[in-house]
Amino acid sequence: MVALRLERVTKRFGRVTAVEGVDLEIGDEFFALLGPSGSGKTTVLRMIAGLEAPNQGRVLIDGADVTPLAPYRRRIGMVFQDFLLFPHRTVAENILFPLRMQGVGAAEQRQHLDWITQLVRLIGVEDRYPHQLSGGQKQRVALARGLVSRPKLLLLDEPLANLDRELRREMEIEIRRFQLALGIPFIYVTHNQEEALTMSDRMAVMRAGRVEQIGDKLDVYHHPKTRFVAAFVGANNSVAGTVTALADRLATIDWHGHAVQARAHAGLAVGAQAVCYVKSEKIAVEAVADTDTRTQTQTQTDTGRAAAAAITGTLRDSIFKGHYADYLIDIGEGREITVSGPPRSDLFSHDRPVVLSWAAADADAFPADPEPAASREA
Amino acid sequence: MIGPVAKTLLLALPGLSFLVVFLFMPLVSIVIFSFWRTESYELIADWNIDNYATLFSDVTYLTFLVRSLVMATAVTLTSLLYAWPVAYLIAKHGGRYRLVLILLTAAPFLTGEILRVTALQQILGPIGLINMALGHFGLAPIRALMYSNVASWIGLTYLWMPFMVLAIYLSLLNFDFQLMEVAKVNGARVWRAFFEVAWPLNMAGTVIGCVLVFIPTLGSSLTSQFLGGPNGALYGNILAHQFGATGTWAFGSAMGVLLFAVSLAVTLVLARAVRDFRRAGITIKEG
């Protein structure tokens with residue numbers, strides 16, 4: 001069932017178009033709106049809440065057009081980035097604010113308060129003021145205020161941006177739990193892909209006011225449809241070169257003498273420039289035996305015995321992170337590639353020659369020029 | 001070498017000396033004078049309470065005091081209603097022109113008080129701008145504007161309102177306007193959001209503004225002297241009279257003491273509105 005629908009929604013501020021022709025359909029799911037700052041994701045959220053009026057397009061909640069409705073008539077819950085608790089009200093008063101605005105009776109308010117403080121695990125601080133709370137508690141109060149009136153949907157605008165790492169992890173799981181418990185749509189705006197990937201069912205990636213890709217989060221992660229998404233989602237490495245062959249939806253790119261294969265996306269042509277993206281964890285790295293030389297490895301690769309793509313390099317550094325490690329590998333020509341994988345004892349000595357490889361289906365090739373790539377791209 | 005106590009005292013010296021010289025000493029002297037008597041324009045240290053007996057038994061003086069209280073209340077309320085939208089607009093939408101706009105509201109202060117009052121006379125009086133214009137079109141002049149309490153009310157509001165605007169504006173500078181959106185999303189209409197959020201969170205600024213307008217208005221004499229007309233005298237005019245024409249300084253001092261006491265009482269009553277700092281959103285670091 002579609003709980004929220006955006007139809008060709010556009011918002012302009014003066015001469016700047018913040019959101020352009022966005023279509024979205026969201027059901028009772030956890031939906032993430034991911035994008036860099038300035039991509040228009042927060043403006044989309046504010047239009048759903050009624051805090052901004054779209055210049056064009058419609059917003060429908062449960063099939064009813066709410067575009068002209070003021071925020072207070074939409075029955076939406078919202079959680080803001082800076083918590084934005086009312087500093088002059090106690091925790092209980094903050095949480096009960098939406099119910100008081102709706103004129104709900106005192107007994108029913110009490111019931112709701114008991115229910116929500118239990119759900120968000122916030123008991124015993126009802127009479128405190130916001131400045132007496134920890135960051136995590138403030139966040140829970142903000143969530144409780146957003147959920148207490150059982151809204152039709154909950155909007156979350158980067159709610160974890162101001163929390164420390166540990167707390168963020170904990171809250172990610174908690175927020176996900178609330179969504180499952182309540183079964184209403186949660187629309188979660190973030191620039192942090194880890195949050196989007198951890199919590200959401202589906203996600204939309206936005207850039208410059210437009211939706212680049214929308215779909216199941218695994219699909220967006222593993223099968224980027226645009227160069228921007230390929231560069232922005234996941235920890236990516238890129239190599240650029242000339243397309244030498246195109247066949248069976250596979251492109252072969254020449255990178256300084258290495259033949260690199262990747263899934264071909266629209267717009268590629270033989271002889272044109274292309275960029276190939278591959279995620280850090282999809283690259284296999286093998287240490288070359290000390291007696292081997294780089295030349296020997298090169299020869300092996302050229303014979304086609306190795307995987308769809310193979311590049312030789314030198315291990316510059318290994319960054320041990322506990323349950324995994326990042327290997328920084330210098331592949332020459334001033335490029336460095338990061339490989340993530342389980343910690344291995346054979347890859348902890350620096351300046352070792354290594355060979356990198358990945359399956360063609362794990363890499364994505366896009367035309368090099370039509371659009372500027374995300375800043376993440378090396 | 002000076003110790004930490006001496007350092008603190010040294011730091012307190014400018015403030016303390018100011019208070020002693022300009023507040024404490026004059027105050028003590030008028031309290032003392034109020035228990036003396038005046039004879040032929042001279043103060044005589046003859047201790048008595050006759051001044052207060054006259055002040056509280058002669059209904060005339062209390063009538064003028066009540067008049068001044070009513071006037072000050074009216075001027076404060078008018079300023080409040082007028083200043084809030086002005087300050088809110090400038091604080092929220094003033095952008096980089098905020099400071100310029102707020103200084104503009106205080107621009108009349110660049111001229112003297114008498115000049116400003118006489119300028120108002122030129123607008124409100126019988127041969128003033130408004131009534132002249134009305135006469136030009138064959139209309140009757142508005143008598144209420146000419147040498148009346150209404151004219152004083154307009155004049156006093158004009159004189160003191162910038163303080164109200166400034167106090168509320170300074171308070172709004174620390175106000176997070178996003179909280180208004182939070183209230184709206186959570187079901188509050190515009191006015192409800194205002195009274196739930198903006199009003200209580202700026203109560204301290206509003207109270208300071210009210211005190212800054214109420215107190216000077218209560219003791220004012222110039223405006224009513226120029227604009228009030230023959231029946232427009234306020235407590236301040238009668239008080240000034242004691243130090244002028246009649247030369248009864250001792251009685252004037254008693255009037256001054258009463259004025260001070262009433263001002264202090266009003267300030268304390270207004271301050272009760274922010275008695276609970278947490279309710280005004282003022283957070284004080286604990287420990």
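# Chain B at a glance

Chain B has 13 helices and two strands. Please keep in mind that this is a predicted model.

**The chain as a whole**

- The C-alpha trace of chain B spans about 80 × 70 × 35 Å along its principal axes.
- Of the 287 residues in chain B, 34% are buried.
- If you take the contacts in chain B between residues at least 6 apart in sequence, 69% of them join residues at least 24 apart.

**Helix α7**

- Helix α7 of chain B covers residues 149-173, which makes 25 residues.
- At 1.5 Å a residue, α7(B) should span 36 Å, and this agrees with the 35 Å between its end C-alpha atoms.

**Where chain B meets chain A**

- On the chain B side, 19 residues are in contact with 18 residues of chain A.
- Two elements of chain B, α8 (178-185) and α9 (190-201), each give two or more residues to the side that touches chain A.
- The largest share of that side comes from α8(B), with six residues.
- Sorted by class, the side of chain B that touches chain A holds eight nonpolar, six charged and five polar residues.

Definitions and conventions:
Residues are numbered from 1 along each chain as its sequence is written. Chains are lettered from A and ligands numbered from 1 in the order in which they are written. This is a predicted model: local features need pLDDT of at least 70, side-chain atom pairs count only at pLDDT 80 or more; totals for chains, interfaces and linings use all residues. Helices (H or I, at least four residues) and strands (E, at least two) are DSSP runs, numbered from the N terminus. The expected span of a helix is 1.5 Å times one less than its number of residues. A residue is buried if 20 or more other C-beta atoms lie within 10 Å of its own, exposed if 12 or fewer, and partly exposed in between; C-beta atoms are placed from the backbone. Two residues are in contact if their C-beta atoms, placed from the backbone, lie within 7 Å. Ala, Val, Leu, Ile, Met, Phe, Trp, Tyr, Cys and Pro count as nonpolar, Asp, Glu, Lys and Arg as charged, and the others, Gly among them, as polar.
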